[in-house]
Amino acid sequence: MKKPYWLKTYYLKYKINIIFFNIFQFFIPKNKTGNKILITELDGIGDIVVRQKLVDEIAEKYGKENIILLITYAAELIELSGYKYEVFEKDTHYNFFKLLKLFKKLCMYDFRILYSLEFISEDKLDFLRKMNFQKIYAFERGWLDNWKDKKNIVFVEKNGEKVLDKIHNYATIAVNADLIKEDLKPQLNLQTSEGNYIAVGVGASDKKKITFPEKLSEFLETIVKDYSDMKFHILGHGKNDIEYFQKLEKVFSKRENLVCLVNKLSLAETAKQIANAGVYIGFDSGLYNIAYALQKKQICMISTKRGQEFYHKDENIKFIYKELNTEIIETTNEPKYNNDISSISPKIFKEAFDLTIGKQEKGNDY
């Protein structure tokens, strides 16, 4: 029998931490109402990237100097955009001292409005109810639902087929009624000089979004057949991505063509690697969204069943997925990987690559 949610260790730890926080926060002077705007973005890198233009619109309305972002990820990208920010570490809501310290720091700003941009419920931010906000904007069915009787909150419906539709709906209600959806398409402005290599992202927030290394090797081998000297710059971060590269390297026929940059680059440097590549190849991940914001030609390997609202409609992206009526290939060695992607044939991948290369401007080497 499954343990009830309210009996799980992480939930109990969070609740105990909040009890202590609620006691000691009384000793901290609360923020005075001023001109500052707090924007919370505790989602992953990809979510922050796709909402970049929405943040820009908020900054346009109130002045960039008045914007403070509260983030967990993508600090380097925020710095590239020139915004001030505070960091909510991943374990802050479990650590009373960290939470109290962050609360004290936020109370030193004269916040007037809170824009909560999280797509999903984030009850870890419940501590913000102790601050003084004149107005709050948030997506419905999120962590602010239980504030209804206490705060002046505007809830925005999550309408739309794609994530950009939801962002546009939020912007229309919370920022500017005259905005059109195309104005909110993210754009990272990096100086580029296209190189003769392909950038390959091997990670994602969940193994269920990626295929196993042997299958990716099959895909990349189809390129090597026609472009024997082609270099693949492998991008990623963390232990899982290093292990993935090591498995890929073992089965790839021309190991010298693989350039491992996993854990060797900052996020900003990784973005530049994608910007300078001839093509980006990867999965539904933060790097996929960075490539999207860079308007980079890319091949994205996806499951037709997962996260379809984040599969952007864009001429620069060629999605490949399991062909209809294709038998699913069970990944017995790594059952946590995505079986839909594992069922894509190398032929389909190569056709997508040839089509993507064909769209490149004349003068490229491939």
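Trainee: Where does N263 sit?
Mentor: In this predicted model, N263 lies in the loop between β9 (258-260) and α9 (267-276).

Trainee: What is its phi?
Mentor: Near 65 degrees. That is a positive value, and N263 is not a glycine.

Trainee: Which phi does Q295 have?
Mentor: About 55 degrees. Q295 has a positive phi without being a glycine.

Trainee: And where is Q295 found?
Mentor: In the loop between α10 (286-293) and β11 (298-301). Q295 counts as partly exposed because its relative accessibility is 42%.

Trainee: New topic. Which residues make the nonpolar surface patch?
Mentor: L12, I16, I19, F20, I23, F24, F26 and F27. The patch covers about 860 Å².

Trainee: Take F20 from that list. Which helix is it in?
Mentor: F20 belongs to helix α1, residues 9-24.

Trainee: How accessible is F20?
Mentor: F20 has 43% relative accessibility, so it counts as partly exposed.

Trainee: Last thing, confidence. What is the mean pLDDT of the protein?
Mentor: The mean is 88. A pLDDT of 70 or more is reached by 89% of the residues.

Trainee: Where does pLDDT stay under 50?
Mentor: Over residues 359-366.

Trainee: How many contacts beyond four places in sequence does the model have for residues 359-366?
Mentor: The model has 16 of them for that stretch.

Definitions and conventions:
Residues numbered from 1 in each chain as written. Predicted model: local features only at pLDDT ≥ 70, side-chain atom pairs only at ≥ 80, totals over all residues. Heavy atoms only, no water. pLDDT = per-residue confidence, 0-100. Contact = heavy atoms within 4.5 Å. Patch = residues over 30% accessible without salt bridge, like charges linked within 9 Å, V, L, I, M, F, W, Y side chains within 5 Å. Areas by Shrake-Rupley, 256 points an atom, 1.4 Å probe, with all protein chains shown as cover. Salt bridge = Lys/Arg side-chain N within 4 Å of Asp/Glu carboxyl O. Helix = DSSP H or I, 4+ residues; strand = E, 2+ residues; numbered from the N terminus. Buried < 20%, exposed > 50% of the residue type's maximum accessible area, 1.4 Å probe, protein only.
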